[in-house]
Amino acid sequence: MREGPIPQEEVTAAAFGFAEPAWFTAARAELDRGLLFLAGRSGSGRHTAALNLLRAECGSGAPLRALDSLTELDSWQPTDASARGYVVAGLFPSRPLGAGVLGHVRSLLSGVGARMVIVLPDDTALLRRLEQDLHVTVVRCEPPPPEAVFGSQFEAAVPDQRERDRLLGALGRRELGELLVPELLPAEVVELVGALVAADGDATALGDLRDRLSYRAEREVPPLMEKLRDDPDALSFLLAACVYEGADYRIVREEADRLLDLSDGCLAATLPATDSQGVETAERPNPDFVFRRSLTELLHAVQASRQPRQIRTAGTFGHSVEPVVFVRHRQAETVLRHVWREYGRLADLVVRWLREVSWDDGLTGPVGRVMGMAASWGGGRRALRHIQPLAGSERTTGRVIAAHALGIAAQDPVLVAEVRYRLRQWSHAASPDLRTTVGLACGTEFGLARPDVALHLLRTLVFGLRTRDGQDSGESQVRVAVQAAVTTLFQAGNEENVFGRIREWLSADQADTEGILFLFAQLLRSPRWFTRQLADDTPEGELITDLIRQALNNDSSFDATCGALLGWADGAQWDPTSRRAVENLFADLAESMRSGEFRLFVEMDQKEADGRVGRDIARASLDRWRSGRQEEAA
């Protein structure tokens with residue numbers, strides 16, 4: 001569910017003992033305008049602060065609703081007229097928020113008298129983009145000092161001053177000051193208050209709070225693991241207790257024994273002094289020991305560090321990463337170059353290892369970069385020999401790595417000639433795998449640096465497709481690679497060049513008209529250049545309209561073209577240039593009501609299309625067509 005009511009109990013719990021931070025008043029003033037961006041790290045109390053801000057602005061009993069990060073704000077509508085406030089958990093990563101959408105959301109909120117808080121991660125790049133592109137104020141959620149949180153929480157939990165003094169007597173003011181360290185997060189302070197209240201003034205029941213509070217766990221776990229590394233029984237019991245904490249001790253013991261059996265010796269730090277045949281041997285380290293080296297030890301050994309958590313939004317959804325980086329700039333490249341030049345057998349092992357990497361956008365790029373740099377490290381007549389097997393690989397991963405590698409290798413002024421020669425050769429190859437690699441390479445650094453060369457190679461691929469019915473999987477892969485490369489080149493600022501080539505390809509003898517029109521339809525999903533030409537009535541605008549007519553009246557490209565144009569009509573509601581472009585285009589299309597234009601206008605006239613730009617033009621054109629049919633019948 002993308003949207004749901006927030007229970008009143010949750011709002012009340014958030015308000016219980018809430019300590020207003022220093023920025024709270026300024027955040028309320030910003031929220032009073034309708035919409036607030038609130039950013040903070042995990043554990044900083046962002047969600048609690050958001051609920052308290054809405055409670056303060058909308059009233060203590062006002063109905064609130066939650067929206068998750070998948071909510072598409074450009075098409076969102078308030079569904080509950082009684083809701084006075086909304087909390088949005090992040091932004092949909094693949095649909096950046098634009099100024100038009102932001103204005104649209106503000107007007108919707110104003111219309112129903114509601115407020116909205118968008119809670120964001122502490123991602124520097126995301127926040128900078130919002131502040132620069134949208135000129136909005138992002139409020140940073142910095143929690144109050146632990147002492148302030150403790151005071152508010154303790155007073156809310158124990159209203160009577162004398163009772164609070166009694167409970168603190170079991171702890172002591174000095175020890176309390178030592179516990180309230182600056183790095184303590186609000187949730188950890190709540191944990192401390194809970195322990196203090198539960199002890200009810202009994203120092204024995206309270207025990208040593210340092211041994212119980214979670215904030216010390218991060219520091220104390222590594223020494224614990226070091227202590228247990230030579231004890232397989234204790235290690236398996238530790239892991240079982242962590243998973244089944246709170247379960248009966250017999251279950252924990254049984255699961256620990258099962259884990260020990262399943263480990264097949266990998267929880268033992270050393271191998272036994274006798275082998276499987278009973279022959280005595282010297283005790284030696286177990287190479288399969290899972291706790292052999294910790295990540296911290298390995299990072300220290302290679303002079304690298306683990307960076308703070310970041311949110312990355314590449315792809316359909318966001319994900320968090322903690323990148324490993326070297327302390328010294330360019331150390332990674334220097335180490336790999338040294339290995340490649342000095343240790344040939346190790347270099348071969350590295351190539352075999354990288355060739356088998358699993359499919360992941362986050363892995364293929366770095367691997368391709370290393371493979372490409374290795375071409376210039378090795379040099380000689382066989383500089384690209386480690387890339388060619390990947391280029392002809394049946395694995396998609398191998399071809400993607402090869403494409404990236406060729407783009408990097410082409411940055412070397414010595415190797416660029418060989419890279420161009422190989423790609424030209426492979427573009428005529430019988431193997432669809434090699435031709436797919438060519439298409440992929442045209443969409444990487446190679447093609448972006450030399451778009452004319454890339455478009456020439458892509459023409460060869462388009463006119464060299466062996467089948468046109470889409471049944472051959474190898475040829476389909478070539479077609480997909482071509483589509484991706486053409487789109488990448490178009491989006492990289494080569495719009496006029498790419499559009500001109502598409503028109504050339506359509507007018508050539510033996511052109512695959514259906515395939516090229518479908519390719520054009522994919523470009524319509526990047527509308528900025530098209531709408532600018534259509535809005536300004538440029539000569540290119542007329543050519544665009546003619547090509548759209550062709551694509552609408554071709555069965556293979558109609559669905560993609562119609563879908564893209566409907567997207568233009570939806571998005572044009574908040575952008576004057578797009579609105580003018582859509583109205584100009586639809587007015588021109590209405591002049592020739594062939595099958596494709598008719599089908600598009602029928603889609604435009606659907607009931608749920610309220611607000612679409614150009615709907616009135618479509619409806620008027622359909623009405624004229626229907627009245628003309630009626631006159632003919634009469």
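Arg 129 sits in helix 5 (residues 124–134) of what is a predicted model, where local features need pLDDT of at least 70, side-chain atom pairs count only at pLDDT 80 or more, and totals for chains, interfaces and linings use all residues. Residues are numbered from 1 along each chain as its sequence is written, and side-chain values use heavy atoms, with hydrogens and water left out. Helices here are DSSP runs (H or I, at least four residues), numbered from the N terminus. With a relative accessible area of 40%, Arg 129 comes out as partly exposed (buried is under 20%, exposed over 50%, partly exposed in between, with a 1.4 Å probe and protein chains only). Leu 97 is 32 residues away from Arg 129 in sequence, and their C-alpha atoms are 10.0 Å apart.

Glu 418, in helix 20 (residues 416–427), is buried at 18% relative accessible area. Beyond its neighbours within four places in sequence, Glu 418 is in contact (heavy atoms within 4.5 Å) with Arg 381 and Leu 384.

As for packing, helix 19 (residues 396–409) meets helix 21 (residues 432–442) at about 50 degrees, their axes 8 Å apart (axes are lines fitted to C-alpha atoms over the stretch in contact, and angles run from 0 to 180 degrees between N-to-C directions). That makes helix 19 oblique to helix 21, oblique being whatever is left after under 35 degrees (roughly parallel), over 145 (roughly antiparallel) and 65 to 115 (roughly perpendicular). On the helix 19 side, the contact is made by Arg 399, Val 400, Ala 402, Ala 403 and Leu 406; helix 21 brings Asp 433, Thr 436, Thr 437, Leu 440 and Ala 441.

Definitions and conventions
Helix = DSSP H or I, 4+ residues; strand = E, 2+ residues; numbered from the N terminus.
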